[in-house]
Amino acid sequence: MGLFLVGGMVARITDHSLYLVTSEEYSAGRSTLEVAEEALSAGVDILQMREKTKPKDELIKLGRKLRKLCSAAGAIFIVNDDPFVADQTDAEGVHLGQEDLEKYPLEVVRDIMGEGRMIGVSTHSVEQFEKANRSDADYIAYGPIFSTRTKDYSIGLADAGTVLEEAAKPVVFIGGIDLANIDSVMAAGARNIALIRAITAARDVAEETRRLKKKITSFRKKD
């Protein structure tokens, strides 16, 4: 997979990672920087800047600030949708949805990002997963597992075993996962979990992050 230095060390997604996707829209009136600082202090391993309503210049400014926070916390910083914003914010990676891939084919993104940084791809079916699994992507997001405000459908866990058995690169499960259902996702074989509202909308961001991280790492002993 792609490699990049974070705090002097090579960045890579390792099992039992907690992956926060930002969204000021779902942050209960708080800024993304406030939420990010609390979540990073409590154990988030990967942070993706996903801010759909901000113009590009604001994204670059915010991204540079988030990059510094992540670097200080030893976390990986990823930018959603746009490899050019990822490049300008010195992000360790970029994350692309299926529609993004139509605009930015993986070979183009690799040219922009270089071999030393990660490319993540969202998949919403076994077929999409299998295609991403054969591609140059460095990790794959699979979901939405449960219903969520950001998607109008969910795919559940029925094919989780197939996905994980075939996976040639790290898989991150995403979509409506929270403290109430995370055990079922981990029991299905998931080892990396991404969330939005479970953290961004929490009354106590740091405490909720710690509880989620504890759930994920508890499975380390069972593997």
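Helix α1 (residues 32–41) has buried residues that are covered by, among others, β3 (18–21), β4 (46–49), α2 (56–73), α9 (197–200) and α10 (205–218), contact being defined as heavy atoms within 4.5 Å. Helices (H or I, at least four residues) and strands (E, at least two) are DSSP runs numbered from the N terminus. The model is predicted: local features need pLDDT of at least 70 and side-chain atom pairs count only at pLDDT 80 or more, whereas totals for chains, interfaces and linings use all residues. Residues are numbered from 1 along each chain as its sequence is written, and side-chain values use heavy atoms, with hydrogens and water left out.

The buried residues of α1 are T32, V35, A36, A39 and L40, where buried means under 20% relative accessible area, exposed over 50% and partly exposed in between (1.4 Å probe, protein chains only). Because they cover an arc of only 120° around the axis, these residues lie on the same side of α1; the arc is that of the directions from the helix axis to the C-beta atoms. Just after α1, G43 adopts a positive phi of about 120°.

Eight strands form a closed barrel in the order β3-β4-β5-β6-β7-β8-β9-β10, with parallel pairing; two strands pair if DSSP finds at least two bridges between them. L96 has V121 as its bridge partner in β7.

The largest nonpolar core comprises 53 residues, and F173, I193 and I199 have the most contacts inside it. Such a core is a set of buried Ala, Val, Leu, Ile, Met, Phe, Trp, Tyr and Cys residues joined through side-chain atoms within 4.5 Å. Helix α2 supplies the largest share of this core, five residues. A second, separate core of 12 residues includes I76, I78, M118 and Y139.

The structure holds 11 salt bridges, each a side-chain nitrogen of Lys or Arg within 4 Å of a carboxyl oxygen of Asp or Glu. D90 pairs with R67, the closest N and O atoms being 3.7 Å apart. This pair links distant parts of the chain, 23 residues apart: D90 lies in the loop between α3 (83–88) and β6, and R67 in helix α2. D90 is partly exposed at 41% relative accessible area, while R67 is buried at 11%. In the salt bridge of D87 with R117, the closest N and O atoms are 2.4 Å apart. D87 belongs to helix α3 and R117 to the loop between α5 (106–113) and β7, 30 residues apart.
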